[in-house]
Every structure is written in structure tokens, then in C-alpha cells.
Amino acid sequence: MTKVIALTGGIGSGKTTVSDFLKKQHIPVIDTDIIARQVVEPNSVGLKKIVDCFGAGILNNDGSLNRSLLRDKVFNDPQAKTALESILHPLIQFETRQQIQRYKKQLQPLIIVAIPLLIEIIQKTSTRPGYIDEIWVVDCPTETQIERATQRDNSNRTLIKKIISQQASRQQRLAYADRVIENNGTVEQLLVQTQKLINQQTNKSV
Ligand code: ATP
């Protein structure tokens, strides 16, 4: 039986560090951030819907999506954000399910689906996607998130704090967690914990 694990966490919490480690171990990782880009590639249904909603001015000269303009448009406009989400989420869910089915056919015991904004989606829709068996949350103190994200993106604290304030709170996220991967130590400690969780799933001794 295949188990589908959703991996989530706030900005800078360490999701990518965990999922890169899992990929190296040949555990299938479905990245919904990548799918989110694929569903709006030129000539896609998703891009056509975005143009219908936001106008052709949302495109670059070469016909691709002007992501930074779209980001600006939805950043301070909740209605535009909802409109965008109602276009993207069904397309992302559909493709995610397709990929899960492909891995299930290969009889993979474990599939990881990285969904950064899973808790926000659950809160908004009041439903947990049916394909998820367990939710794993990567967690660290908010101040650590700010420090790591600021350094990684060479960004300013104010922007990272604003993004954090728009995401689910740490407590809200933890309330949905079947497993918590704590990331308030070193990367090595993070990966040892992750390995233990994987071993438990695959019934290897820890
Ligand atoms: P985002 O949602 O913003 O993409 P993320 O949850 O994927 O972030 P990562 O990219 O894995 O987070 O980690 C954020 C930054 O913090 C990266 O530069 C990563 O190398 C670093 N980092 C992660 N865990 C640790 C740790 N335990 N100690 C030090 N640095 C860490």
C-alpha cells in the first residue's frame, strides 16, 4: 500500500532542505510549486484563464506569464488573490493526483507531496485533499524563519515578516500536523529526524 505524505511548513522553515534530502534517497517527491508553474505555461488552459481574468497585460512580450506583475496584483488585493487561487488550485490538484496515480502504479511505498500552503488551503476550503494520508510539518521558531529566509533571499526583514503574517500561524499549522519535523538546530539534526520518520514508515529499524 502506498502512503501519501504532504510536506508543509512556513516560509524558510526548511521544506526544501527536507525534500531535497528525500529526493536523493529516491523517494518520489511531487513538488506543487513546480506544478503551479507548469499549469500556466504558454498555451496552457491555466494561462488562458489568467488572461481572461486579469487581461492580456499580465503577459510578457513573449506571451509568457509576467509573474512579478501578477504577484504584485494579488499581494494587496484579496479578491484578486481568491480569483487567482480558484483558477490555479483545481489545475494543480488535478496534476498532483495524476502524478500520485503514476507513482502508485509503480507500487512506490511512500510518496511525498510538497505543498507549502497546505494549511492555508485547508482553512480556506474547509477540506483536506482526499489523497493525503499524513501531514508532516517542518517547524521552527518564527524568528529563525525570518533569519533564514532573509539570508537566503537576500531580502529585508519587513517583507519576510509580511509574508509570514499572511501565512497560517505556527500554532495553526501544528494543529494539523500528524508529524512535526523540528528545525531549530543544525541541518544535520533536521535530516537525522527526517531519516527516522522515513525509517518508521518503511519499517526499518531506527
Ligand atoms: P520557502 O518556503 O521559503 O521556499 P523552505 O521551507 O523550503 O522555504 P529551505 O529553503 O529549506 O526552506 O530553508 C531556508 C533557508 O534556511 C535555506 O537557505 C536553507 O539552506 C537554510 N536552512 C534550513 N534549515 C537550516 C538549519 N537547520 N540550519 C541552518 N540553515 C538552515
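**View 1. A salt bridge joins Glu143 and Arg157.** The side chains of Glu143 and Arg157 meet in a salt bridge, with an N to O distance of 3.2 Å. The model shown here is predicted. Glu143 sits in helix α7 (residues 142-153) and Arg157 in helix α8, so this pair ties together parts 14 residues apart in sequence. Glu143 is partly exposed at 37% relative accessibility. Arg157 is partly exposed too, with a relative accessible area of 35%.

**View 2. Asp20 and Lys23 pair within helix α1.** Both residues lie in helix α1 (residues 15-24). They are three residues apart, about one turn of the helix. Asp20 has a relative accessible area of 35% and is partly exposed. Lys23, at 38% relative accessibility, is partly exposed as well.

**View 3. Domain 1 meets domain 2.** Domain 1 covers 1-28 + 108-206 of the protein chain, and domain 2 covers 35-107. Their C-alpha centres lie 22 Å apart. The contact draws 16 residues from domain 1 and 13 residues from domain 2. About 1200 Å² is buried between the two domains. Carbon and sulfur atoms give 61% of that area. Which three residues supply more than any other three of the area that domain 1 buries against domain 2? They are Gln108, Lys124 and Tyr131, with 39%.

View 4. Lys124 forms a salt bridge with Glu85, and their closest N and O atoms are 2.8 Å apart. Glu85 belongs to helix α5 (residues 78-105) and Lys124 to helix α6, so the pair ties together parts 39 residues apart in sequence. Glu85 is buried, with a relative accessible area of 18%. The cut-off for buried is under 20%. Lys81, Glu85 and Lys124 are linked in a network of salt bridges.

**View 5. The side of domain 1 that touches domain 2.** Four residue pairs are in polar contact between domain 1 and domain 2. On the domain 1 side, β3 (110-114), α6 (118-125) and α8 (157-166) each supply at least two residues. Which element gives the most to this side? Helix α8 does, with four residues. By class, the side of domain 1 that touches domain 2 has 10 nonpolar, four polar and two charged residues.

View 6. Glu120 is placed in helix α6. Is Glu120 buried or exposed? At 15% relative accessibility, Glu120 counts as buried. A polar atom of the Glu120 side chain lies 2.7 Å from the backbone nitrogen of Ala168. Neighbours within four places in sequence aside, Glu120 contacts Gln167, Ala168 and Arg173.

**View 7. Ser169 in the loop between α8 and α9.** Ser169 lies in the loop that runs between α8 and α9 (170-175). Ser169 counts as partly exposed, at 31% relative accessibility. Ser169 and Leu65 are 104 residues apart along the chain. Their C-alpha atoms are separated by 30 Å.

How values were computed: Residues are numbered from 1 along each chain as its sequence is written. This is a predicted model: local features need pLDDT of at least 70, side-chain atom pairs count only at pLDDT 80 or more; totals for chains, interfaces and linings use all residues. Side-chain values use heavy atoms; hydrogens and water are left out. Domain bounds come from an automatic or database domain assignment. Contact means heavy atoms within 4.5 Å. Buried area is the accessible area (1.4 Å probe) that two parts lose on being put together, summed over both. A salt bridge is a side-chain nitrogen of Lys or Arg within 4 Å of a carboxyl oxygen of Asp or Glu. A polar contact is a pair of N or O atoms within 3.5 Å; within protein, one must be able to donate a hydrogen and the other to accept it, and residues adjacent in sequence count only if both atoms are side-chain atoms. Ala, Val, Leu, Ile, Met, Phe, Trp, Tyr, Cys and Pro count as nonpolar, Asp, Glu, Lys and Arg as charged, and the others, Gly among them, as polar. Buried means under 20% relative accessible area, exposed over 50%, partly exposed in between (1.4 Å probe, protein chains only).
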